Amino acid sequence: MESSQGNGESVLVQDISSLTVRDSPAATEPPTEIPPHLSHDPDNNLKRSDPFQFGSRYLSDEANVFEFNAWDHVETDDTYKEYAELQYAKQREAPVSDFDKTRFNSDPAKWWNNFYKNNTANFFKDRKWLQQEFPILSRITSADSPPTILLEVGAGAGNTAFPILKHNQNPQLKIHACDFSKKAVEVIRQNELYDNGVNIQADVWDVAGEDLPPGLGDESVDVVVMIFIFSALSPSQWQKAVSNIYKVLKPGGEVLFRDYGRGDLAQVRFKKGRYLEENFYIRGDGTRVYFFEKDELVKIWSGNAEEAHDEHTGFDTIELGVDRRLLVNRAKQLKMYRCWMQGRFRKRETPAPV
């Protein structure tokens with residue numbers, strides 16, 4: 001079974017273990033010299049390379065698929081896509097009951113509180129890849145950086161905020177770590193690195209609510225971090241969330257974004273009784289999760305989505321990539337296709353034209 005960790009990791013699935021793989025069209029041609037993934041050179045064997053290139057471990061020969069635990073730029077093949085569509089059809093045929101829809105949607109905070117109550121801080125892995133993926137984090141934490149306000153939405157147990165804080169050399173950096181779950185905020189405040197508001201302040205905040213985060217006003221934030229949080233919202237909440245982020249960001253401020261993509265293993269493996277609506281599900285622990293398309297995210301953040309009614313909430317898409325990876329369990333010869341969306345959105349200096 002898959003655990004609903006905020007880092008997007010999963011364990012095994014057995015019914016797709018025989019599916020084949022092929023290289024993604026986004027991947028460049030494999031180099032003629034010894035590939036980095038076969039060289040065992042620590043300098044080349046990194047999980048990531050340049051930002052938005054999502055690593056350089058290419059699978060050029062399927063016979064090597066079980067040599068390593070992960071491969072980059074692996075596009076799912078037609079067999080997997082057909083299998084996924086069959087799974088989606090089965091999910092639609094057995095949706096969540098009306099009773100459970102009300103139960104899960106009426107009080108989502110309850111399920112996240114239970115989640116963090118049942119999982120200690122040690123359950124989560126620190127996101128040490130953040131500064132590699134988002135170089136702006138290195139700039140704002142440097143010793144010569146000006147005063148900077150960073151807002152993390154959906155801070156969870158602090159596995160984004162605390163790694164940033166550990167690398168920080170900017171005495172004028174202030175991190176506002178906010179989460180929908182009161183229990184998650186308690187976990188952050190109990191961390192030994194929590195300094196009671198000097199460089200990090202943790203508060204309960206609903207990004208789709210009516211108020212801005214505690215201690216923050218209009219256009220007060222330089223950078224917003226949203227890692228596997230947008231997917232926890234109902235589609236009906238997206239526009240309010242984007243509007244709140246727009247209000248709190250300074251003109252030209254950036255949103256650093258990572259979340260689930262459609263076709264990810266976590267979506268494909270859902271069984272009956274978990275489907276809420278298209279691409280939107282209830283996990284076994286009662287928390288919700290949505291799986292995004294690339295074009296869909298562009299529309300949502302640009303203010304061009306059908307649900308958008310306010311032209312003053314538009315963002316420009318600076319970068320938006322699809323991170324496709326193949327994870328394998330070498331001991332059991334199992335393959336797991338993962339798909340994540342990662343991007344940067346910048347608040348427009350002036351409202352978008354009507």
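**Salt bridges in a predicted model**

Lys-183 has a relative accessibility of 26%, so this residue counts as partly exposed (buried is under 20% relative accessible area, exposed over 50%, partly exposed in between, with a 1.4 Å probe and protein chains only). This is a predicted model, where local features need pLDDT of at least 70, side-chain atom pairs need 80 or more, and totals for chains, interfaces and linings use all residues. Residue numbers start from 1 along each chain as its sequence is written, and side-chain values use heavy atoms, without hydrogens or water.

Back to Lys-183. The partner is Glu-186, and the two form a salt bridge with the closest N and O atoms 3.6 Å apart (a Lys or Arg side-chain nitrogen within 4 Å of an Asp or Glu carboxyl oxygen). Both residues sit in helix H8, residues 182-189, and they are 3 residues apart, about one turn of the helix. Helices (H or I, at least four residues) and strands (E, at least two) are DSSP runs, numbered from the N terminus. Glu-186 is also partly exposed, because its relative accessibility is 33%.

Now a second pair. Asp-323 and Arg-258 form a salt bridge, with 3.1 Å between the closest N and O atoms. Asp-323 is in strand E12 (residues 315-329) and Arg-258 is in strand E8 (residues 249-260), so this pair ties together parts 65 residues apart in sequence. Are Asp-323 and Arg-258 buried or exposed? Both are buried.

Glu-293 counts as partly exposed because its relative accessibility is 39%. Arg-262, at 19%, counts as buried.

Last, the whole structure. The search finds 16 salt bridges in total. The protein chain has 11 helices and 13 strands. Of its 354 residues, 53% are buried. Among contacts (heavy atoms within 4.5 Å) with a separation of 6 or more, 76% are between residues 24 or more positions apart. The accessible surface of the chain is about 16400 Å², and carbon and sulfur atoms account for 48% of that surface (Shrake-Rupley method, 1.4 Å probe; for residues, only the protein chains shown count as cover).
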